[in-house]
Amino acid sequence: MDENLSESESRGRSTETDSKPDSTNPLVVDCAIIGAGAAGLRCASRLLGETGNDTGLSVVVLEARDRIGGRILTTAEASAGGSFFRDHGAAWVHGAHPDNPMVRLLADAGAETDSETEPTPSEPKGEEGPGLLPVLQPVFDGNAWVRPHTVLHGGGGRTKPAISYFVDGTLVVPGGGDGNDGDGETDREHPTGAEPLVAEGSSRSLCPTSRSIRRHYRILRTMVSGCENGEFDETDCVDERYRQLSGSPGPGDEEDRLVGLLAPFYLYLVENWNGISMTETQLGEIVEMLVPGNDDGGSSTEETPEEKLDDPAQRQTPPCHHQGTVETDERYVCVGDFAGPHCKVETGMATVLDPLLRSLGDGVLRRNRKVVSVTDKEDRVRIETEGGETFEAGVCVSTLPLGCLQEHLRRPQGEPGFFRPPLSRAKEEAVSSLWSGSYKKVFLTFDRVFWPVDPPMIGLVRSTPPETGAKDPLPGRHLVLYNLWAGRGIPSVEAILCGDLGKWAFGRTDEAIRDAVLGFLAAAMGIPGADLSSSCMGCHVTRWEEDPFTRGSYSSVCLDTSDKHLSELSAPEWGGRLLFAGEATEPDHMGSVHAALMSGDRVAAEVLAAVRHRCSSNDRDVPTTRC
């Protein structure tokens, strides 16, 4: 709705044109970009010089939707506790470091909003770089999904844990530990019917959360050593090996039972990070997560700008040398991350796009242009839309999401393909090898806050599967809630259905999903289901997998994905006239907005190189306004 349009969407409407070229009079441009998401807008902005068309190139961006942003969608919401912004798609700045392209864009967005005052950092963040921009809301000190012990459990001098657990009706809050092995850490427990501000409970020398974390990492380290000594293969299934190494739970006391329930929850967090079930994830992903990246030890004779930085955490790629391990090094930066806190954007993720849209001139962005075919004409590429418009470009950039590319490959035999001629066999195999993501957000709004206010993450664990007679229950034993608004008096949480839970939710109605999630909350929190249902005032479910313009949330590596597949995703086709961008084409950062932005930078450089080559050839038949 119009009242929910972000500034970026409103501005996007003003840059459009009503002219409609047809097949007899196509619009000829240097570069046509399919898709106005983060990758497409970044590429266009780069090609147009960001502050004006100083490259002299003609560019058009074709967007199928009535809005821009792709899998970035921010809406303004109102509740009894106040108004707030909700991100239905991409929602995180994974590492608020200056090298993260999202941080620079957010700084630019702030500068444009208040032209007289350059946005200044807030309090300094020490070795992590400059302080945070005011628009950034730090939620976790680092990667909470991969580093739960040093990020979630309140170690390293942090006074409050960033997570609370509900296990079979009991609230368990990690105590303050040392952030390393957990010795001396104390859990605090109480029934869920008590006040959410947890009182000190029974003490243990090794609490359930600490023992659970240690068991979890011990299993992961055994996986890594097994790969190193040849006992396991990096293409083995993570879930199978984890179950094998976990063994069968033996008899024990209540604490042993809690440890057995909580340890697999941390693997479920990894599943949330990867966006794919551990039954479809290869051990190589765990090795990559736990073992710092290997480089040549600095033996290269020519340093890159990143290598010249003294602090490895400031490199644009994850640092290769750490003082400790992912369990103990609080500055550990995982593959796909940047150093610094993981943040939300106060004004919503769409704010990132504002500076990109400001750089587009009139007529560049054309919405409601669904592309139906991309045809190679040997010296140019012809793009046709559903409305009969035709564009011809020296270079075409496809930013179509992985799920859409996969759907195009599944067209019935004999039906004209989207790409004409078809993509190479290597490209098709690469596209088919990845998972395009089952990741649903379930936003639940209640009439009051009945859960702990402070922790931004709540882990739900139930020991028994749903009752046989339950109506279409949510499978599994673990669920993650993001608790980002209760501290502001807004009684809303965000439940994440990814991996197997995401598959389960595919095609089900919002009502069925809501009832299943509420049933899970009831079992884990120990609250009667009827009370939860009557307290629930609203439910919204995101559906990127069902969306015909995305066909998935974000890309993930599968059991059959190889390094060759990953490198092929960004490879050009048709002699360099067809280029590919999007988060899936950046394997080291796949599944993030910053990956999409990086791909836009990369492909813009490829476009410029291709145009320069065409100009130097002095071929007057080449359609380019630059020459």
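Helices (H or I, at least four residues) and strands (E, at least two) are DSSP runs, numbered from the N terminus. I'm working on a predicted model, where local features need pLDDT of at least 70, side-chain atom pairs count only at pLDDT 80 or more, and totals for chains, interfaces and linings use all residues. Numbering starts from 1 along each chain as its sequence is written, and side-chain values use heavy atoms, with hydrogens and water left out.

**Positive phi**

I looked up Asn-368 and found it in the loop between strand S11 (365-366) and strand S12 (371-376). Its phi is near 55°, a positive value in a residue other than glycine.

Trp-574 sits in the loop between helix H15 (563-568) and strand S21 (578-580). I put Trp-574 down as buried because its relative accessibility is 10%.

**Cis peptide**

Which peptide bond did I note as cis? The one from Arg-420 to Pro-421, with omega near 0°. Pro-421 belongs to the loop between strand S15 (419-420) and helix H11 (425-433).

**Glu-288**

I placed Glu-288 in helix H8 (residues 283-290). Glu-288 has 36% relative accessibility, so I logged it as partly exposed.

Key. Buried < 20%, exposed > 50% of the residue type's maximum accessible area, 1.4 Å probe, protein only.
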